[in-house]
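Subject: Handover of the structure

Hello,

I am passing this structure on to you. Please have a look at it first, then read my notes below.

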Amino acid sequence: MIESLFQRFVFLFILLIFSLVLCEVGVAKDAMIKRSQYLMGTLVFVTGIAPDDATARQAVDAGLKEIRRLEELLSTWIPESELSRVNAAAGQHAVKVSAETLNLLDHSLEMDRLTGGSFNIALGPAVVAWNVSEKGRVPTQRELDAVYSLIDLSQLQLDRHTRTVSLARPGMQIDVGGIGKGFAADLAAEVMETSGATAGVIAISGDIKTFGRMPDGQKFVFGIQHPRKEQGHVLATIELENEAVSTAGDYQRYFEQDGIRYHHILDPKTLHPARLAQSVTVIASRGVIADGLDTGIFVMGPKKGMALIERLPEVEGVIVDAQGNVFVSSGVKGRLQFQ
Ligand code: ADP
Ligand code: MG
């Protein structure tokens, strides 16, 4: 875990250097501030660009503060968070939540609809049964059967007037691990702009949101990690402008048992790790869309997943299937630089 965090740190650092060094050798009139902090269970990197140093610093601080605020609302690792209170009240009563939490749940339901149920935030009890983020253990079929009836999004009720959320059955648990980081990156970008940043990058693990351009007028450049090579080995690079990019992969969090890799993205139909892809990268204008879709499309696999990407306006993607074949959506073909 520590090692993989360290590797992620190194990888993200390389990515950021890759894009930001370009900026610093340019005719940089604007100020650029970079900071990282451990938030949402991972290292978060925020870069702010503004006409002066103080404004850039203020914007970066505001962005990080916003992510911390959202973590306190949404993290199921924090017992007092809004979502923890919703989960604790499952089968009992509705819980009043903030507009942000309601909005994220709305987006999550939309992702469920778009992916035909492959993206499902009611998977909480199955995520707990696998415990991939910590020790990891293959649950028995009996254990999975016992939670199967709880993975039912129709039992999640949102009342937009009273801003309340309830889970109809005891034991149900919402888990927004597959969409929350992209959502937080979007809101962080908004507060950074309000604070005077003209451009910026928010990278929460593999969920990255950009706005504006670098001081020399160049777009931000990002690398898509090769799913089967060492951290930092890039499959392809892409330039982004006012876009988000998010990758879901079977190499990010997993454990091995009897030579089989068990990773953290579960198929809601089987409650086992999805097996049709090694990684899915989605590019969209908003982080919440990119993050929600990468997880859902990972479950759908390359065929149905790519068909969905092609159907959606302003959404592009790169899918590496289980055999390592790379599929690229039509709108992104000319934009990728393969390494
Ligand atoms: P990360 O950036 O943390 O790797 P991903 O976007 O890849 O996150 O989503 C993985 C997380 O989403 C899991 O750790 C789990 O909490 C949750 N999850 C797993 N499978 C699904 C699914 N089918 N639908 C929605 N969320 C899921
Ligand atoms: Mg995701």
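First, the ground rules. This is a predicted model, in which local features need pLDDT of at least 70 and side-chain atom pairs count only at pLDDT 80 or more, while totals for chains, interfaces and linings use all residues. Residues are numbered from 1 along each chain as its sequence is written, chains are lettered from A and ligands numbered from 1 in the order in which they are written, and side-chain values use heavy atoms, with hydrogens and water left out.

**Ligand 1**

Where does ligand 1 lie? Domain 1 (5-72 + 179-338) and domain 2 (77-167) both give residues to its shell, so ligand 1 lies between them. The domain bounds come from an automatic or database domain assignment.

The shell holds 20 residues. A residue counts as near if one of its heavy atoms lies within 4 Å of the molecule or strand in question. Asp 175, Lys 181, Arg 253, Leu 266 and Thr 295 come nearest to ligand 1. By class, the shell has seven nonpolar, seven polar and six charged residues. Here Ala, Val, Leu, Ile, Met, Phe, Trp, Tyr, Cys and Pro count as nonpolar, Asp, Glu, Lys and Arg as charged, and the others, Gly among them, as polar.

Which element gives the most to the shell? That is helix α8 (residues 287-300), with four residues. Helices (H or I, at least four residues) and strands (E, at least two) are DSSP runs, numbered from the N terminus.

Taken alone, ligand 1 exposes 570 Å², and the protein buries 98% of that. Accessible areas come from the Shrake-Rupley method with a 1.4 Å probe; for residues, only the protein chains shown count as cover.

**Aromatic residues**

The whole structure has two aromatic pairs. One of them is Phe 255 with Tyr 262, which is stacked, at 5.4 Å centre to centre and 25 degrees between the planes. Rings of Phe, Tyr and Trp (its six-membered ring) pair if their centres lie within 6.5 Å; planes under 30 degrees apart count as stacked, over 60 as edge-to-face and the rest as tilted. Phe 255 and Tyr 262 are both buried. Buried means under 20% relative accessible area, exposed over 50%, and partly exposed in between (1.4 Å probe, protein chains only). Together with Trp 130, Phe 255 and Tyr 262 form one aromatic cluster.

**Two positive phi values**

Asp 258 is not a glycine, yet its phi is positive, at about 50 degrees. Asp 258 sits in the loop between β11 (254-257) and β12 (260-263). Is Asp 258 buried or exposed? At 73% relative accessibility, Asp 258 counts as exposed.

Leu 271 also has a positive phi, near 65 degrees. Its loop runs between β12 and β13 (277-284). Leu 271 counts as buried, at 0% relative accessibility.

**Other residues to look at**

Ser 108 belongs to helix α4 (residues 99-114). Ser 108 is buried, with a relative accessible area of 1%. Its side chain reaches the backbone oxygen of Leu 104 at 2.8 Å.

Gln 278 lies in strand β13. Gln 278 counts as buried at 8% relative accessibility. A polar atom of its side chain lies 3.0 Å from the backbone oxygen of Ala 322.

Asp 52 is in the loop between β2 (42-50) and α2 (53-74). Asp 52 is partly exposed, with a relative accessible area of 33%. Its side chain makes a polar contact with the side chain of Thr 55 (2.8 Å). A polar atom of the Asp 52 side chain also lies 3.2 Å from the backbone nitrogen of Ala 54.

Val 328 is in strand β15 (residues 326-328). Val 328 is buried, with a relative accessible area of 17%.

Best wishes

Technical notes: Polar contact = N/O pair within 3.5 Å; in protein donor to acceptor, adjacent residues only side chain to side chain.
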